[in-house]
Amino acid sequence: MNVQNDPLLIEVPMIVIRNNPSFPTTISSFIIGREQSLAALEKSLQTDKQVFIVMQKETAIEVPTRRDLYQMGTYGKIFQTVRLPNNMIKASFYASARAKWHYLDMQKEIYTSYIEVLPAQQSNSPEAQVLFNSTIDLLTKEIKQVQDVKDIITNKEIINLEKLADTLIPLLKLSDSEQQSLLEELDPHARLDRVYLELAKTKEYKKMESSLKAKVQAQLAKTQREYYLNEQLKVIHKELGHEGIDDFTSIQEKIKASSMPEEAKAIALKESHKLRVTQQTSAEANIARNYIDKLLSLPWIPQKQADISISQAAAILDKDHFGLEKIKERILEYIAVTKYAKNNKSTILCFIGPPGVGKTSFAKSIAKTLDREFKTISLGGVHDESEIRGHRRTYLGAMPGKIIQAISRLQSNNPVILLDEIDKMTQSAMGNPAAALLEVLDPGQNKTFIDHYIEVKYDLSQVFFLCTANNINDIPYALRDRLEIITLSGYTIYEKTEIAKQYLLPKLSQEYSLPTSSFTIPESVILKIIESYAREAGVRKLEQNLAKLLRKIVITKLKQEEAQEQNDHFVITDESLFSFLGAPKYYASSLLNKQEIGIASGLAWTPTGGEILPIEVNYMNGSGKIQLTGKLGDVMKESAQTALSYIKTNASTLHLCNINFNTIDIHIHVPAGAVPKDGPSAGVSISVALISALRQQPLHQTVALTGEVTLYGKVLAIGGLLEKLLAAQRYGIKTVLLPKQNEQDVAEIAKDVRKGLEIIFVSNINEILPHIFVTQQVAPLPLTTNTQNITSTSLF
């Protein structure tokens, strides 16, 4: 096409814009970033600054072609440029006339267009004059408060339809395509007619807005002005015909249809009314909505009790746990009473015992037996009363207590809830959580429990609460009085072996996808693990060591598969046990095979189970002083003083006549000096160790003893008997001397615990002496330098 010889066309640089087309007699600004458009701008600035501005049809197109551009644009002059970052330029453009391109050169580095400039058209008909006047009148009466329109009204240069229409179009809220269609409209009468129509729509919108404001103002007479937006929205929905059941009505219907008691319904409805007149974006509205949602989420209807047979319950308990017959019997009693007496108040059971004896797992089995939901609430370290009773809603971030939260999540008002580690709660300035539990765990009060957040009575009497603790002495007396204590002292070696074979190994093999037929761990190896790697009251360390053993088997199996070696069965021996688990953590005490002077084997109770507690005594030249070391408590120090007073008083009977207590100093030491020890039951052990040291007679180290001693040598009853006997069995003690007053307690202890132990009951110190000394030959010396050092990590 030969356009260079066409006198109607002019060659001019072209700039392509994405949106907002410009109109004649108006000033517009746009940002230029394309290289070709930038080159066109530079060329125009170097000549007469005249350019052709045209808009592309789709804004997303990055490299437009002829087909992507509208044909109609504007011709005018660049009168100002500002350079921006990223090599872009902001240009100000005055459009002088419409123009359309006939040919475009878009292949070079600069956009070049050959355009025809279209002259402005005039319309002097009477109809045009009426339209012009009507438009000016509309602008003057209805929209003159808008500054841009106000300038148009006062601009005397706008004296024809062409200029008036083109000046108003950019101020209307029109899309790019609608503006482009007006740019392409060459008839000024038709163009202003469309502008007038848009202005008339704006006038109607203003009238509707005023009407809506008047209606809203009438409604706001009874409310605060801050609810304006919410009320206006309601009126708008009503005018548009979108009326329906609003959110507040839906909430109220849910409250009325819920199963909550009338008191709770009244409070919830009151909160819903408050929510209705509160600004929805305010904090008060959020608090009210959360409160109503929490009330609606709670289960209020009593759950139906599952029909469980006693034999079925016993089978479940036996399947999940080995031994613990007394505890199983107590659970079966509870199930039987619950089934027989429908209105029986729930009993609060508390499992006391060292870590790893199965307190938590037994609670899970109880929930499984009762066919109820189960939730554990850990109270270790809790020091805020609000954790139990909930926070009052006046506080930011308030929420219900842990009890109500658990019930809400489980959607059951008769679950089994385990309050774990209740002996680890602490008192602080924020209240005493143990005191808050008094109402929760009291069957006579928890029927009307009130959480500070919900502030409504909630029945907790159907909840089966269970508690666990390590040390009963750390539970406040008032709380302890509401609990039925069940002690899980620990397991015998036989029970640990059976638990490992029947429970732990099948569980771990399933966890590691290792078939039980692919490995063998003999009972002798399990016993070796118990005695040398997992010497504890429970079975947690035993499980950890067995898990480590199976992991080693898996690693070995994978290595053999990679090496293409075939081994379908692994047998763990004593030798491979050492290579897999490393050196033993515990060794049989060397004292058990020795006859030591001044060292007695005591038995001690600790929160982690029973332990052997060696008592060491030595004496030296001095002035009659006694020294006590080993971080002993006041009660234990008094026991040592009592034992020494008894020995001094009965020196002749004890064959200690040639000992001058005023010329010697006595040192009593209990190993594991960094560990606190206390209690009266070391009195017998201290007495025997003193007599042995002063007589210089060796003691049997396979004989252990425990008991409180008086000034007259009587042996009184002690506690923690089961734990101490388990410790004696665990450490290979052969004979145990116990107070006569504990004879009935021993009769109630399982035979497995007493197996292999010779238990002798004594009433006073004189009855102990024939059983504890290796020989009855008495050869006291004036001074001894016996300084045996015994290593122990036990507590008393």
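These are legends for a set of close-up views of one predicted model.

**Notes for every view.** Local features here need a pLDDT of at least 70, and side-chain atom pairs count only at pLDDT 80 or more, while totals for chains, interfaces and linings take in all residues. Residues are numbered from 1 along each chain as its sequence is written, and side-chain values use heavy atoms, with hydrogens and water left out.

**View 1. The whole protein, for orientation.** The fold comes to 27 helices and 26 strands; these are DSSP runs numbered from the N terminus, with helices being H or I of at least four residues and strands E of at least two. Of the 796 residues, 47% count as buried, where buried means under 20% relative accessible area, exposed over 50% and partly exposed in between, using a 1.4 Å probe and protein chains only. Take the contacts (heavy atoms within 4.5 Å) with a separation of 6 or more: residues 24 or more positions apart account for 75% of them.

**View 2. Ile-529 and the largest nonpolar core.** A nonpolar core is a set of buried Ala, Val, Leu, Ile, Met, Phe, Trp, Tyr and Cys residues joined through side-chain atoms within 4.5 Å. The largest one has 53 residues, and Leu-466, Ile-521, Ile-529 and Leu-542 touch the most other members. Zoom in on Ile-529 and, leaving aside neighbours within four places in sequence, you'll find Ala-534, Leu-542, Asn-545, Leu-546, Leu-549, Leu-577 and Leu-581 in contact with it. There's also a second, separate core of 46 residues, which includes Ile-352, Ile-403, Phe-449 and Ile-475.

**View 3. The largest pocket.** On a 1 Å grid over the protein atoms alone, a pocket is an open set of points with protein on both sides within 12 Å along at least five of seven lines, a cavity is a set where a 1.4 Å probe fits but cannot get out, and lining residues have an atom within 4 Å of a point. Grid points are joined across faces, edges and corners, and a volume is the space filled by probe spheres set on the points. This pocket holds about 1400 Å³. Its lining runs to 49 residues, with Thr-487, Ser-489, Leu-722, Glu-723 and Ile-749 the closest to the centre. Helix α24 gives the most, at five residues. By class, the lining splits into 23 nonpolar, 14 polar and twelve charged; Ala, Val, Leu, Ile, Met, Phe, Trp, Tyr, Cys and Pro count as nonpolar, Asp, Glu, Lys and Arg as charged, and the others, Gly among them, as polar.

**View 4. The largest cavity.** The search turns up one cavity of 30 Å³ or more. The largest cavity has a volume of about 40 Å³. Among the residues lining it are Ile-17, Met-55, Met-72 and Gln-180, and β3 (50-55), β4 (72-84) and α5 (176-184) each give two or more residues. The lining has seven nonpolar, four polar and no charged residues.

**View 5. Pro-188 in helix α6.** Pro-188 sits in α6 (residues 188-219) and counts as buried because its relative accessibility is 2%. Not counting residues up to four places away in sequence, Pro-188 touches Gln-121, Ser-123, Leu-161 and Glu-162. Pro-188 and Ser-123 are 65 residues apart along the chain, with 7.2 Å between their C-alpha atoms.

**View 6. The Phe-30 and Phe-93 rings.** Which kind of aromatic pair do Phe-30 and Phe-93 form? A tilted one, at 6.1 Å centre to centre with 50° between the planes. Rings of Phe, Tyr and Trp (its six-membered ring) pair if their centres lie within 6.5 Å; planes under 30 degrees apart are stacked, over 60 edge-to-face, and the rest tilted. Phe-30 lies in strand β2 (residues 27-32) and Phe-93 in strand β5 (residues 88-105), so the pair ties together parts 63 residues apart in sequence. Both are buried.
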